[in-house]
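Please open the model in your viewer and keep the selection panel to hand. The tour below moves from one selection to the next and says what is to be found at each stop.

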Amino acid sequence: MIQVEGLTKYYGEYAAVRDLAFTINKGEVIGFLGLNGAGKTTTLKILGCVLLPTSGRVVIDGYDAVRDPHEVRKRIGFLPDTPPLYDEMTVGEYLAYVAQLRGVHAGEARSRVLEAEEKTALREMDGALISTLSHGYRQRVGVAQALVHRPAFLILDEPTSGLDPAQIRGMRELIRSLKGTHTVLVSSHILPEISETCDRLLIISGGQLVAQGTEEELARNLGGGSIEVEVRGEKAKALAALSGIGPVSVMQEDGALLSLQVQASADQRPRVAQALVGAGLELLRLDRGTQRLESIFLNLTRSGGAKQEVAS
Amino acid sequence: MKALLIARRELAGYLRSLSGYVIIAAILALNGLFFNAFALGRAAERSATVLSNFFYYSSGFTIVASVFISMRLLAEERQAGTLSLLYSSPVRDRDIVLGKYLAALAFLAIYLVCTIYMPLLVMVNGKVSFGHIFAGYLGLLLLGSASLAVGTFGSALARNQIMAAILTSVMLVALILCWLLARITEQPLSNIFSALSLWNQHFPPFQGGLVHLRDVAYYLLLTYVALFGATRVLEARRWR
């Protein structure tokens, strides 16, 4: 379990992280979301025992990250925002070095390396020089070094940055496959990249936690849900039928073909369907609003930014 | 021992990179030229004097080699972002510093082994004692050790290798120039500056084949103090 209480980090006068508090339970995959400069990297560096906090407490498995950093370091695997790779080594040598650095016995290192390469699909790259690897592979080696010593907790700072869509999907699958064996904290500034992979999201803005919960919870608590429908029929009739459910906006109008957006949470979908069919309209499509989470995220981070301005 | 693990990787890094060989080759070439032109080139001299001259020139090249060998130690890790790997691993900061320094020392030792053909040449054609050669090399190794430790400190302070080399050079030159300060200051102060001087008081005995305990102690103490400083710098870096 990871417990963070009142975490604050100042760089000179500037507070990168202010009074951050959250808890992560064993086995969870947590998405740590925020725009660039929100304090994600600083927080993860503190959790990774790279940086010391100005104040506050980080407790990992009962060990305090400031007082017992070595005990904490044995239990975590950390991937910084740029993978810490030595270009002149081969993948296998590098992973064996990291394993031993993190306390794996020299005799056991090779088998751990093979295990990590298996998990990250790097088996055929074992003998390749790191300097010759593509960006996607470098990122993979970065993940492999984080899990080579079988840590309970993995802290991954933007593992998907700079990857192409296929590689992003691969990385997502890799993170999903770690579920169960590791507790994972993964950061990103792009919501869709991690929203499907993670059990829970922590949203940070201006160095402060602005929201946390599952995708559904966030949508519900913030009233940001929407439903999209496509119907054929009279516009006035459609608007009247939906008026009882929530505010309606017309997204597109093409003769009798209408695309509408209703501001209501996703569980109102049956009511929307009934209302439209009951009013004698042809219901062609009914969906959760796709831009929903993205807009929640942006709203949250924007208001967080506003809060910060007021405070300063 | 984690320090040895770090040292082994670092040394392998030197041996695999071109820059390591370039440093050794360039300094060996210059050292050889100086040996040929100044130590051997003069009119007939006693073998012991030639050998002493060899150690005299070599001491300068050892200091220069130390600057170039040590500049990458920690500055490169910072530049490449690999320092966070060491920081996030259960390794003490002093083991990081010690590992880095030991690798540099081993690499310098390789350089010194490469220079041994010069005293052997003197030996073939003249008469010198093994003791003299041993004392000279011990002096070079100790001088190199202290210079490398100062270089490790400079490399811990700097953001990149070039800054590290500049910082280290400034510190080493300041230590060497303590000798000039000793000449222009009054008694108690001049003794202190003289004792602090990196080269002037402490190296010449080795050059002549003499091993004094106080000279050995000076170089070892300087090594310790500089490495201690580097460790403190690494610790302080965790705050920002």
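Angles between axes under 35 degrees count here as roughly parallel, over 145 as roughly antiparallel, 65 to 115 as roughly perpendicular, and the rest as oblique. Before selecting anything, note that this is a predicted model, in which local features need pLDDT of at least 70 and side-chain atom pairs count only at pLDDT 80 or more, while totals for chains, interfaces and linings use all residues. Residues are numbered from 1 along each chain as its sequence is written, and chains are lettered from A and ligands numbered from 1 in the order in which they are written.

**Stop 1: a helix pair in chain B**

Select residues 47-70 and 130-157 of chain B, which are helices α3 and α8 of that chain; helices are DSSP runs of H or I with at least four residues, strands are runs of E with at least two, and both are numbered from the N terminus. The two axes come within 8 Å and cross at roughly 20 degrees, where an axis is a line fitted to C-alpha atoms, for helices over the stretch in contact, and angles run from 0 to 180 degrees between N-to-C directions. α3(B) and α8(B) are therefore roughly parallel to each other. The crossing is right-handed, that is, the near helix is turned clockwise from the far one by less than a right angle.

To see the residues that meet, show B:Leu51, B:Phe55 and B:Ile63, among others in α3(B), and B:Gly136, B:Leu140 and B:Gly144, among others in α8(B); contact requires that C-beta atoms, placed from the backbone, lie within 7 Å. By class, this contact has nine nonpolar, 13 polar and no charged residues, with Ala, Val, Leu, Ile, Met, Phe, Trp, Tyr, Cys and Pro taken as nonpolar, Asp, Glu, Lys and Arg as charged, and the others, Gly among them, as polar.

**Stop 2: where the chains touch**

Now show both chains: 22 residues of chain A are in contact with 18 residues of chain B. On the side of chain A that touches chain B, the elements giving two or more residues are α2 (69-75) and α3 (91-101) of chain A, and α3(A) gives the most, with four residues. The residues of that side divide into 13 nonpolar, five polar and four charged.

**Stop 3: the open sheet of chain A**

Next, colour the six strands of the open sheet in the order β6-β7-β8-β3-β9-β10 of chain A, whose pairing is mixed; two strands pair if DSSP finds at least two bridges between them. Which strands stand at the edges? They are β6 (76-79) and β10 (208-213) of chain A, each with a single partner strand, so one side of each is left without a neighbour in the sheet. The twist averages 15 degrees from one strand to the next.

Within the sheet, β7 (153-156) and β8 (183-188) of chain A pair in the parallel sense over four bridges, and A:Leu154 stands opposite A:Val184. β9 (200-205) of chain A runs antiparallel to β10(A), joined by five bridges, with A:Leu202 opposite A:Gln212. These two strands form a hairpin with two residues between them, and A:Gly206 in the turn has a positive phi of about 55 degrees.

**Stop 4**

Finally, centre on A:Cys49, in the loop between α1 (40-47) and β4 (55-60) of chain A, where phi is positive at about 60 degrees although the residue is not a glycine. Is A:Cys49 buried or exposed? A:Cys49 is buried, with 26 other C-beta atoms within 10 Å; the class requires 20 or more, against 12 or fewer for exposed and the range in between for partly exposed, with C-beta atoms placed from the backbone.

Conventions: Contact = placed C-beta atoms within 7 Å.
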